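Here are some notes to read alongside the model.

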Amino acid sequence: MTARAIHVNSLQFLCGHDAPNYEPLLNGTGSARNLRVIIDFDVWERIATEESWLARTLVGFLHHERISVSLFSDAGPPDDAPRTTMNPWKDVEHAIGWTTLSPSSDGMIAYSVTQTTADSVTSSALFVDSILMAQVTLSQEGREGVDDFDARLLLAAQETHADLLITDRSALLCTELEERGNCRVANDETAVALVALYLRAAGEYIYVKGPDFTARATPSIFYEKVSDHLIPSFPEFMLRAEGVVSSARLLTIRRRARSLLMNRDKLALLTSVKSTQDVADAIDSTFTHALVEMVAFHDLLARVVNEFLPNPEMSPRHIKWQIDPWRAQALTHFPSLTDAWANNGFAMNLNRALRAARNEIHDVAPVITPFRTRWGAPGVGLGFFDDAGGSIAHALRQLPDGGDPGIQRKFADGYVVEPHVFLEFVLPWMLQSVDVTLAALLASLPARGPVLHRSSIRAEVASESIALIAHLREVDSQPRPSAALS
């Protein structure tokens with residue numbers, strides 16, 4: 001059984017299903033309510049005692065006032081957990097901050113699911129048929145070491161309308177069971193990125209978070225800090241290129257880097273809400289903007305490289321990577337760019353794929369289509385005509401990566417692109433192409449003295465935290481056989 005891309009790509013919540021009494025988490029690209037989280041008690045105990053920055057960041061996020069957290073354990077709450085005898089069961093004590101399962105005497109109900117907070121006690125039912133179906137699904141997926149407790153945990157999270165289940169149980173991190181409800185399953189590393197994304201939807205751009213402190217920024221500064229981290233050559237290039245490269249171009253480089261990351265967030269949030277035609281149109285617009293930005297970024301890089309050439313090209317329409325005479329001159333002057341920008345280099349193949357998509361974007365329509373398993377919610381896709389889709393697919397096949405590019409032949413005469421999956425696939429390559437290009441230019445720039453940054457947060461701490469919050473997959477630009485697209 002093949003898992004959906006949702007398991008591979010981190011920054012996406014599950015779309016709203018037609019579950020009874022379900023309150024949407026997001027409203028377009030904003031938050032509609034608090035994020036509801038269930039966390040496996042084993043994970044909670046581990047991160048509460050670990051000194052790693054991942055653990056400290058996740059603990060800090062889970063204590064945020066907009067995050068509602070409930071613990072779960074197969075063995076139930078520990079004896080020292082605080083209790084309440086709140087209605088509707090005055091004679092029964094319930095552990096505050098816990099979700100628990102109690103066996104039922106009803107022949108059709110396997111367990112009663114109770115979720116207790118300091119202010120309320122709510123209860124619902126897990127039916128026998130649901131448990132049996134979950135067990136069958138896990139067994140058909142051939143998971144090793146699966147037991148009934150795994151199915152009970154995810155079903156309890158779905159039944160209580162949790163948005164996020166944090167666990168390290170391998171059987172639950174990539175299973176079709178996830179598709180039957182609104183609850184996204186994630187390990188602690190992915191959970192950090194998801195919670196940070198949710199808080200950005202709520203207007204909080206946090207780039208460092210610990211149990212005892214929070215570092216926030218404006219949106220533009222937040223995305224600037226993230227781009228500085230994801231493009232290692234970026235900060236030094238911006239410093240040393242001042243006075244050498246056109247000031248307007250330096251400002252444009254900054255803006256395009258920010259825009260890429262902002263569009264990634266916007267797509268992640270739009271594809272995390274229930275699909276409607278209005279949402280589909282917003283996704284189409286955001287995807288189109290992202291494509292134009294990426295193609296423009298590559299053209300901008302070419303113009304910056306052109307400024308360094310001994311005989312720069314004077315006609316702007318000839319200063320592009322796909323113009324062979326100009327590219328040959330650029331590679332002769334900067335041989336370190338050859339691996340990226342040679343005819344079959346990763347940056348050149350990415351440029352072809354992006355241009356093929358951009359050139360046909362006028363002939364693309366968003367469709368609400370079943371990118372799903374048998375139970376998942378419909379998603380929004382973008383339909384590309386056969387020739388354009390084939391060109392994009394062919395170029396992406398040349399990248400030395402076996403990831404999911406989110407493009408499939410769904411129509412007899414065309415392809416469908418899953419916009420968020422596509423962007424999650426190409427964005428690391430895009431950032432890599434920018435980094436390689438700017439790094440090659442650095443050798444031609446005058447050296448500058450060290451810059452003193454006044455900040456109460458150590459640079460290495462901020463960098464590690466931003467890496468967790470951005471959660472972008474790493475890519476290897478060295479050629480190797482690539483997996484065929486389905």
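**Notes on cores, pockets and a few buried residues**

1. T99 sits in strand β7, residues 98-103 (helices are DSSP runs of H or I with at least four residues, strands runs of E with at least two, numbered from the N terminus).

2. Before going further, please keep in mind that this is a predicted model, where local features need pLDDT of at least 70 and side-chain atom pairs count only at pLDDT 80 or more, while totals for chains, interfaces and linings use all residues. Residues are numbered from 1 along each chain as its sequence is written, and side-chain values use heavy atoms, with hydrogens and water left out.

3. Is T99 buried or exposed? T99 counts as buried because its relative accessible area is 1% (buried is under 20%, exposed over 50%, partly exposed in between, with a 1.4 Å probe and protein chains only). Not counting residues up to four places away in sequence, T99 touches I38, S70, L71, F72, V113, T114, Q115 and T160 (contact means heavy atoms within 4.5 Å).

4. T160 turns up again in the second largest pocket, being one of the residues nearest its centre, together with L155, Q158, E159 and H161. The lining has 28 residues, and β8 (109-116), β9 (121-127), α3 (128-140) and α4 (148-159) each give two or more of them. β9 gives the most, 6 residues. The pocket's volume is about 680 Å³. On a 1 Å grid over the protein atoms alone, a pocket is an open set of points with protein on both sides within 12 Å along at least five of seven lines, a cavity is a set where a 1.4 Å probe fits but cannot get out, and lining residues have an atom within 4 Å of a point. Points are joined across faces, edges and corners, and a volume is the space filled by probe spheres set on them.

5. By class, that pocket lining has 8 nonpolar, 14 polar and 6 charged residues. In contrast, the lining of the second largest cavity has 7 nonpolar, no polar and 3 charged residues (Ala, Val, Leu, Ile, Met, Phe, Trp, Tyr, Cys and Pro are nonpolar, Asp, Glu, Lys and Arg charged, the others, Gly among them, polar).

6. That cavity has a volume of about 70 Å³, and the structure holds 3 cavities of 30 Å³ or more. Its lining includes R200, F222 and I469, and F222 is also in contact with R200 and I469, among others. F222 lies in helix α6 and is buried, at 3% relative accessibility.

7. The largest nonpolar core has 131 residues, and F237 and F384 have the most contacts inside it. Such a core is a set of buried Ala, Val, Leu, Ile, Met, Phe, Trp, Tyr and Cys residues joined through side-chain atoms within 4.5 Å. Helix α9 (277-308) supplies the largest share, 15 residues. Another core of 21 residues lies apart from it, with I131, L138, A156 and L177 among them.

8. Lastly, S272 is in the loop between α8 and α9. A polar atom of the S272 side chain lies 2.6 Å from the backbone oxygen of A268.

Key: Polar contact = N/O pair within 3.5 Å; in protein donor to acceptor, adjacent residues only side chain to side chain.
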